[in-house]
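Subject: Structure for your files, with notes

Hello,

Here is the structure I said I would pass on. Please open it alongside this email, as the notes refer to individual residues.

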Amino acid sequence: ERAEGEESDGVDKLEVPPCEPVEVFGACQEMFRQMETQDAFDKLLYYRVCCVSEEVRDFAQAFETEETAIAKVYPHALPSRELGLIKELLKVSDAQRIKAILNKSFAEFDVLQADFDFSDSGEAKPEGGRAGGMQGQAEGGAINVVPHKLLECLAALLYESEMEDNQRLDDGSTGPGGRPSKEVVQQMRVIRSQALLAL
């Protein structure tokens, strides 16, 4: 409430149309697609869109009682580079170490973004000399990744962790019914939280 006589800055007069979480999520995906067509883009804006996308995903999962369209928006084939980093991070027990590795993995993104293929394959473009020449490795052994692809990969793995005969990880970490063990699922949640903190 504004005090009597206090002037309005106009913000309270803005009309925000109601929308479903899936619509906001779809808008984020469209922004990713537009950025993918550009040789360079605002990295800060990109990171913010990553965070908004994941916040909407969390909101939908917390308040939707049935499976939503958001839960289905996962790559059919997980990007190999991002999946490879996740598998490596599953072996790291310290959360701060995980964050440090992710920081290194994201650090070169602004330099390499023009050379990266944002497609589901997650591979470096053949014509991208810098990314290809580095073999996808950042200083300290961290793997250069596309942040929103890493988050999509984690979301897919967590979503599918309840499914039987889940061979996504294929690293001997599966428990009863072919599902990842509770420890692996918890570790993936830690990786996701540290990835968001690293953005």
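The notes below go from the whole chain to single helices, then to the cavity and a few residues.

Overall fold

Please keep in mind that this is a predicted model. The protein chain has 8 helices and 0 strands, so its pattern along the sequence reads α-α-α-α-α-α-α-α. Of its 199 residues, 41% are buried. Taking contacts between residues at least 6 apart in sequence, 69% of them join residues at least 24 apart.

Helix 1

Helix 1 covers residues 21-36. Its 16 residues should span 22 Å at 1.5 Å a residue, and the end C-alpha atoms are 23 Å apart, which agrees. Which residues of helix 1 are buried? They are Pro 21, Phe 25, Cys 28, Gln 29, Phe 32 and Met 35. These residues cover an arc of only 120° around the axis, so they sit on the same side of helix 1.

Leaving aside neighbours within four places in sequence, Cys 28 is in contact with Val 49, Val 52 and Ser 53. Not counting residues up to four places away in sequence, Gln 29 touches Ser 53 and Glu 152.

The cavity

How many cavities of 30 Å³ or more does the structure hold? There is 1. The largest cavity contains about 40 Å³ of space. Its lining is made of Gln 29, Phe 32, Cys 50, Ser 53, Glu 54, Arg 57, His 148, Leu 151 and Glu 152. By type, the lining residues divide into 3 nonpolar, 3 polar and 3 charged. Helix 1, helix 2 and helix 7 each supply at least two of the lining residues. Helix 2 gives the most, with 4 residues. Gln 29, one of the lining residues, is the residue described above as touching Ser 53 and Glu 152, and Ser 53 and Glu 152 are in the lining too.

Helix 2 and the end of the chain

Helix 2 runs over residues 43-63, and Lys 43 is found in it. Is Lys 43 buried, partly exposed or exposed? Its relative accessibility is 27%, so Lys 43 counts as partly exposed. Tyr 46 lies in helix 2 as well, but Tyr 46 is buried, with a relative accessible area of 0%. The C-alpha atoms of Lys 43 and Leu 199 are separated by 10.0 Å, although the two are 156 residues apart along the chain. For Tyr 46 and Leu 199, which are 153 residues apart along the chain, the C-alpha separation is 9.5 Å.

Helix 4 and helix 8

Helix 4 (95-107) has 13 residues and reaches 18 Å from its first C-alpha to its last, close to the 18 Å expected at 1.5 Å a residue. Its buried residues are Ile 98, Ile 101, Leu 102, Ser 105 and Phe 106. Seen down the axis of helix 4, they fall within an arc of 135°, so they line one face of the helix.

Helix 8 (residues 182-198) has 17 residues, which should span 24 Å at 1.5 Å a residue; its end C-alpha atoms are 24 Å apart, in agreement. The buried residues of helix 8 are Val 184, Val 185, Gln 187, Met 188, Val 190, Ile 191, Arg 192, Gln 194, Ala 195 and Ala 198. What covers them includes helix 2, helix 3 (80-89), helix 4 and helix 7.

Regards

Conventions: Residues numbered from 1 in each chain as written. Predicted model: local features only at pLDDT ≥ 70, side-chain atom pairs only at ≥ 80, totals over all residues. Heavy atoms only, no water. Buried < 20%, exposed > 50% of the residue type's maximum accessible area, 1.4 Å probe, protein only. Expected span 1.5 Å × (residues − 1). Arc of directions from axis to C-beta. 1 Å grid on protein atoms, 1.4 Å probe; cavity = no way out; pocket = protein on both sides within 12 Å on 5 of 7 lines; lining within 4 Å. Points joined across faces, edges and corners; volume = space filled by probe spheres on them. Nonpolar A, V, L, I, M, F, W, Y, C, P; charged D, E, K, R; others polar. Contact = heavy atoms within 4.5 Å.
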